[in-house]
Amino acid sequence: MKNSVIAFTLIFIALFTACNNTSDMPKDTAKAIPLKEDLIKRGEYLVQITGCNDCHSPKRMGANGPEIIPELMLSGYSSKTPLPKADKTFLTAGFAAFAPDLTAATGPWGISFAGNITSDATGIGNWTEEQFKKALTQGKFKGQDGGRMLLPPMPWINYTKMSDEDLKAIFTYLQTVKGVNNVVPLPVMPDKI
């Protein structure tokens with residue numbers, strides 16, 4: 001009986017040790033997979049600290065200066081908003097200017113409009129994570145090869161070294177942002193201002 005208990009104990013210890021040994025597992029499998037809620041929370045944090053709202057969220061003047069319009073957060077330049085006339089003299093001198101709500105910019109490149117990055121189909125709702133990654137790290141419009149590059153003031157060059165984990169977190173968060181139906185206009189080339 002004593003030998004049976006010892007044998008049973010040794011077998012139990014061996015099985016327990018074998019089942020909990022992760023040293024032979026590939027690193028990706030052994031690494032903890034973040035919960036979707038944690039990924040979304042991380043993405044929201046990254047969107048806030050990387051300044052996405054600075055250009056992609058329409059604003060109105062408030063007591064503390066420009067304030068985000070909550071129902072339009074991250075929807076980009078509103079296609080319903082007329083753009084003020086740009087002063088070519090000012091631009092040819094090398095200056096750049098922003099629209100009053102900070103979602104459009106004019107400079108030597110022409111006029112560029114902040115994109116809709118909400119979950120709506122007119123935003124990035126139909127994008128793949130790979131398209132999003134390519135747009136942010138390679139500056140490709142809509143994350144598509146063969147298309148034009150993103151225009152200033154989009155600081156995509158700052159994100160070229162962003163980790164895949166952070167890009168995934170941002171994309172996952174943006175897919176949870178309330179969709180706003182807003183087709184952002186195409187850029188205006190300098191000769192058309």
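Okay, before anything else: when I say contact, I mean heavy atoms within 4.5 Å. With that cut-off, among contacts in this protein between residues at least 6 apart in sequence, 61% join residues at least 24 apart.

Quick housekeeping. This is a predicted model, so to speak of a local feature I need pLDDT of at least 70, side-chain atom pairs count only at pLDDT 80 or more, and totals for chains, interfaces and linings use all residues. Numbering starts from 1 along each chain as its sequence is written, and side-chain values use heavy atoms, with hydrogens and water left out.

Now the layout. There are seven helices and five strands, taken as DSSP runs numbered from the N terminus: H or I with at least four residues for helices, E with at least two for strands. From the N terminus on, the order is α-α-α-α-β-β-α-β-β-β-α-α. Of the 193 residues, 32% count as buried; buried is under 20% relative accessible area, exposed is over 50%, and partly exposed is in between, with a 1.4 Å probe and protein chains only.

Let's go to helix H7. Eight of its eleven residues are buried, so H7 is largely enclosed by the rest of the structure. Those buried residues pack against H3 and helix H6, 129-138.

Take H3 first. The axes of H3 (residues 36-49) and H7 (residues 164-174) come within 7 Å and cross at roughly 95°. That makes H3 roughly perpendicular to H7. The axes are lines fitted to C-alpha atoms, for helices over the stretch in contact, with angles from 0 to 180 degrees between N-to-C directions. By class, that contact has eight nonpolar, two polar and five charged residues. Here Ala, Val, Leu, Ile, Met, Phe, Trp, Tyr, Cys and Pro are nonpolar, Asp, Glu, Lys and Arg are charged, and the others, Gly among them, are polar.

So what does Ile-170 touch, leaving aside its neighbours within four places in sequence? Gly-43, Leu-46, Val-47, Phe-132 and Met-162. Ile-170 sits in H7 and counts as buried, at 3% relative accessibility. Its C-alpha is 9.8 Å from that of Glu-129, 41 residues away along the chain.

On to H6. Its buried residues are Gln-131, Phe-132, Lys-134, Ala-135, Leu-136 and Thr-137, and what covers them includes H7.

Next, the largest pocket, with about 950 Å³ of space. A pocket here is an open set of points on a 1 Å grid over the protein atoms alone, where a 1.4 Å probe fits, with protein on both sides within 12 Å along at least five of seven lines; lining residues have an atom within 4 Å of a point. Points are joined across faces, edges and corners, and the volume is the space filled by probe spheres set on them. The lining has 44 residues, with His-56, Phe-113, Ala-114, Gly-115 and Asn-116 nearest the centre. It divides into 31 nonpolar, ten polar and three charged. H4 gives the largest share, four residues.

Most residues other than glycine have a negative phi, and most peptide bonds are trans. Leu-74 has a positive phi of about 65°, and is buried at 0% relative accessible area. Lys-142 also has a positive phi, near 55°, but is partly exposed at 39%. And the Pro-152 to Pro-153 bond is cis, with omega near 5°.

Technical notes. Parallel < 35°, antiparallel > 145°, perpendicular 65-115°, else oblique.
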